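Please look over the structure shown below before reading on. The briefing takes its parts topic by topic, so that you can find each one as you go.

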Amino acid sequence: MQTSRTVEILVGIFIALGMAAFFMLAMKVSNITAFAETDTYRLQARFDNIGGLKERSPVRIGGVRIGRVESINYDDEQLEAIVNLRINSQHKRIPDDSAASIYTAGLLGEQYISLEPGGSEEFYADGDTIDETQSAFVLERMVGKFLIQEAENSERR
Amino acid sequence: MLDWLQNIGQAGLRVFQRLGHATLFMLQILVSIPVLFRHPRLLIHELYSVGVLSLAIIVISGLTVGMVLGLQMYNTLVDFGTEDSLGPVVALSLVRELGPVLTALLFSGRAGSALTAEIGLMKATDQLSVMEMMAVDPLKRVVVPRYMAGVISMPLLAAMFSAVGILGSYMVGVGMLGVDDGAFWSQMQDKVMLDEDVLNGVIKSIVFGMAASWIAVFEGYDAVPTTEGVSRATTRTVVHTAFAVLGLDFVLTAIMFGDQ
């Protein structure tokens with residue numbers, strides 16, 4: 001058995017390595033912004049069709065992630081999907097005529113909400129609803145439209 | 001027929017009796033934990049034999065598991081042109097499942113069996129009764145430091161396993177197979193959540209550490225004090241830990257990630 005000093009040094013190294021591994025998992029593997037995201041405000045958007053949008057999907061402006069989808073509900077009076085967004089407070093200056101659309105990252109990638117800034121001088125505040133929305137792009141619907149168009153074209157010929 | 005029923009009943013009663021023994025033993029350990037604040041040296045010594053000596057097998061296993069995961073995932077993902085998501089796939093499976101579970105299984109093979117054999121042999125060679133005679137509580141002197149060393153080591157080892165595994169898949173994916181360096185890390189950071197994935201993985205490894213160390217020290221303390229009894233107890237430690245960890249993992253996964 002080693003002397004007690006060597007043992008203690010080795011245990012110290014062991015614990016330091018373990019802490020370093022935790023640190024790496026926190027900083028490099030996950031996004032440390034999870035802490036910063038406690039400082040957020042809410043927006044709401046209504047869509048006819050949200051496609052494959054999920055809770056915690058990203059919200060982006062110009063491709064930069066500024067928040068996440070907090071929850072998704074269905075309003076059976078107006079027959080629309082209600083999407084609650086949590087936007088980081090450092091992005092306070094979103095014009096209140098901005099439009100929200102649901103896009104897909106890549107052909108088969110995850111879906112996200114993209115906000116296109118408008119030209120208004122006023123900004124969205126906590127709890128506001130985004131009026132101008134564009135539904136998700138559903139691949140099957142586009143393929144269906146395309147097929148019908150093709151059929152019509154060939155009939156005409 | 002009646003004999004057969006009696007045997008079943010007997011076996012069932014024995015199982016419950018052991019379970020009760022183990023629970024009482026656990027409570028005794030928990031009550032005695034404050035002794036470590038007075039004698040931290042005991043703990044450091046056990047941390048060395050339980051934690052430091054398990055380091056090599058954990059790091060090597062983590063590295064190879066990560067490399068194999070990277071290689072296999074890449075082969076499937078590249079068919080869909082989504083090899084950029086190699087990072088999140090590997091990181092999530094390691095941090096959520098493979099890290100805690102495999103570490104606990106390796107831990108019981110490397111350290112748990114040693115704990116059982118050590119305590120069992122102490123019992124077989126009457127060292128524990130000698131301690132009692134000298135008015136030293138063997139529970140506080142022998143069992144509690146070993147138990148706490150296991151509980152402390154497990155989350156550290158599991159974190160190292162996951163971290164090294166991710167580095168291994170990075171080496172294979174980015175170094176050998178040509179996944180984009182930036183996409184590997186940025187997609188990983190985008191998908192892996194600190195509060196859900198990493199934290200739940202840590203909670204899992206703490207729970208597994210408590211279960212694995214509990215089984216190890218109990219089997220040793222409860223071993224039949226003969227050569228054969230100690231060897232049986234050592235085998236039981238590894239087998240029961242595997243069952244307990246896999247069962248607990250299913251329950252914890254269902255609670256943590258079941259509602260997604």
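Predicted model: local features only at pLDDT ≥ 70, side-chain atom pairs only at ≥ 80, totals over all residues.

- Strand 2 (residues 58–61) and strand 3 (residues 64–75) of chain A run antiparallel and are joined by four bridges, and V59(A) has G67(A) in strand 3 as its bridge partner. These two strands form a hairpin with two residues between them, in which G62(A) takes a positive phi near 55 degrees.
- Strand 3 of chain A is also joined to strand 4 (residues 80–88) of chain A, by eight bridges, and this pair runs antiparallel. The hairpin made by strand 3 and strand 4 of chain A has four residues between the strands, and L79(A) takes a positive phi near 55 degrees there.
- Strand 5 (residues 99–104) of chain A, by contrast, runs parallel to strand 8 of chain A, with two bridges joining them; here S101(A) has Q134(A) as its bridge partner in strand 8.

- Is E80(A) buried or exposed? Buried means under 20% relative accessible area, and E80(A) counts as buried because its relative accessibility is 18%.
- The side chain of E80(A) makes a polar contact with the side chain of R46(A), at 3.2 Å. If neighbours within four places in sequence are left aside, the residues in contact with E80(A) are R46(A), F47(A), D48(A), N73(A), Y74(A) and D75(A).

**Where chain A meets chain B**

- The size of an interface is often given as the accessible area lost when the parts come together. Chain A and chain B bury about 2800 Å² between them, and 76% of this area is on carbon and sulfur atoms.
- On the chain A side 30 residues are in contact with 33 residues of chain B.
- The count of salt bridges between chain A and chain B is one, and E8(A) forms a salt bridge with R41(B), with the closest N and O atoms 2.9 Å apart. Two residue pairs are found in polar contact across this interface, both at pLDDT 80 or more.
- Helix 1 (4–29), helix 2 (33–36) and strand 3 of chain A each supply at least two residues of the side that touches chain B, and helix 1 of chain A gives the most to that side, with 18 residues.

- In soluble globular proteins, nonpolar side chains tend to be buried together.
- The largest nonpolar core has 72 residues, of which V29(A), I166(B), M188(B) and V217(B) touch the most other members. Helix 7 (residues 138–176) of chain B provides the largest share of this core, 17 residues.
- Apart from this core lies another, of 21 residues, and its members include V59(A), A81(A), I94(A) and A136(A).
- Not counting residues up to four places away in sequence, V217(B) touches F25(B), I29(B), L115(B), I119(B), V143(B), R146(B) and Y147(B).

Methods. Residues numbered from 1 in each chain as written. Chains lettered and ligands numbered in written order. Heavy atoms only, no water. Core = buried A, V, L, I, M, F, W, Y, C linked by side-chain atoms within 4.5 Å. Buried < 20%, exposed > 50% of the residue type's maximum accessible area, 1.4 Å probe, protein only. Contact = heavy atoms within 4.5 Å. Pairing = 2+ DSSP bridges. Buried area = accessible area lost by both parts, 1.4 Å probe. Salt bridge = Lys/Arg side-chain N within 4 Å of Asp/Glu carboxyl O. Polar contact = N/O pair within 3.5 Å; in protein donor to acceptor, adjacent residues only side chain to side chain.
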